[in-house]
Amino acid sequence: MKRILVISPSGEVYNHDNVRWYRHKDIQRSINHYHNIGDAFVFDSSLKLLNYDKLDALEIANPDLTQIDRINAEYDYVFLRGSNYVHKDMVWDQAADVLKRLKIPVIAWGIGAQAPVKGKIELSEETKTVLRIMADSTTSIGVRGAYSAQVLWDLGIKNIRIVGCPTAFRRNNPDLNIHLPPLETIRTAGITVRREVSSTYARDIQQYLTFHRDLVKSLAGRFDVVLMAQGEVEEKKIVLGTAEQREEAFKALRADKQVNDWYLDETMEKLHRERLFYSDVVADYENLVQQKDLVLGYRLHGNLMALANGVPSIYFTYDSRTVEFAETYQIPSFDVFSGKEFRLEDYWDQSLFDKFNRAYHHTYREMHQFLVENGADTKMQPVMRRSEFRELQAA
């Protein structure tokens, strides 16, 4: 068993390896604060893949550097919770100063790069320094996909392993397979919604929002749907706020010209009043997707939570992150900027999900190897390569 630290924990831990937002019962404390509960999915999933007997957070915002010697003596390794860290606006606080003093491994676990709509990715010297320190401290650095791997390779970091995201493996099932039932038997669907999106990464906000709106309405007319939000302030107020806050949220949405013109029509408002879901507890999302026949939409980790539980999911891609996730796992995906019509029937194809099944098996093996080679005590099971399996059969 290990004594471990985490950078950027994104939630409080309860019952050893479960995560919820800080003081989640005190809703009013964070009702006006945006936090992406998808980050808590990653943290929660990471813990579920590790054996450890002590877990603490490594402070990088206001660190006490006099404690580094104690940390080196008392802990086995540090891991950086997977997220979108590699982009031009990333702020690392005093991470570089802390990491330079550490003598224990710093495991970067499923980190990703974000490409802008125009031009090449630009990184600060601070980001480059932090990445190189982590890469030098371990056998390998884990990234979510090929684009992120290329960004690091161009920085001279070559001990890279593509591991995807811990959320995919949270059930710790190396034999997971998605088997599609007949489409006519599908009754319930979760739609992972993302109203807020940056024009830095999504090239046409009008097209994004109008397609989003029309997709939700189309699916709502076909299935019993739940709209799964992940942390926008107005959506939180609609679900968890007081009656007054709920109406304030709708007023704020209508006051946003883009949302009012391209997203929140009468039908969408009704759906948000009656079918919107949000929680500060990761387990609530897992319980929800387990009750659905299908989950699809815009949220990386909401969709991945469904797939991890054997529920078919389709990604709607709009930036480099969503494309990279879909490519890593070969998840059936639809480009919202393609100008094409989305037809669910075109994606309800077992051969498409068989590509996911194979990619999942491969990436599970890569994730296991990544953790083992970096000294993490993992619950993940070793998976043989096909060549090893054939050799065993021949023997």
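Keep in mind that the model is predicted.

**Stop 1: the whole chain.** Show everything as a cartoon. Look for 17 helices and 14 strands. Now switch to the C-alpha trace. Along its principal axes it spans about 60 × 60 × 45 Å. How does the radius of gyration fit a compact globule? For 395 residues, such a globule would have a value near 21 Å; this chain has 21 Å, so the two agree.

**Stop 2: the surface.** The accessible surface comes to about 17,200 Å². Carbon and sulfur atoms account for 45% of that area. Of the 395 residues, 56% count as buried.

**Stop 3: the contacts.** Consider contacts between residues at least 6 apart in sequence. Of these, 74% join residues at least 24 apart.

**Stop 4: the charges.** Color the charged residues. There are 51 positive and 56 negative charges.

**Stop 5: helix α2.** Select residues 37-48, which form helix α2.

Now show the side chains of α2. Is this helix mostly covered or uncovered? It is mostly covered: twelve of its twelve residues are buried. Click through some of them. Among the buried residues are I37, F41, V42, F43 and L47. The charged residues D39, D44 and K48 of α2 are buried as well.

Conventions: Residues are numbered from 1 along each chain as its sequence is written. This is a predicted model: local features need pLDDT of at least 70, side-chain atom pairs count only at pLDDT 80 or more; totals for chains, interfaces and linings use all residues. Side-chain values use heavy atoms; hydrogens and water are left out. Helices (H or I, at least four residues) and strands (E, at least two) are DSSP runs, numbered from the N terminus. The radius of gyration is taken over C-alpha atoms; the globule rule is 2.2 Å times the number of residues to the power 0.38. Buried means under 20% relative accessible area, exposed over 50%, partly exposed in between (1.4 Å probe, protein chains only). Contact means heavy atoms within 4.5 Å. Accessible areas come from the Shrake-Rupley method with a 1.4 Å probe; for residues, only the protein chains shown count as cover. The place of a charge is taken as NZ of Lys, CZ of Arg, CG of Asp or CD of Glu. The expected span of a helix is 1.5 Å times one less than its number of residues.
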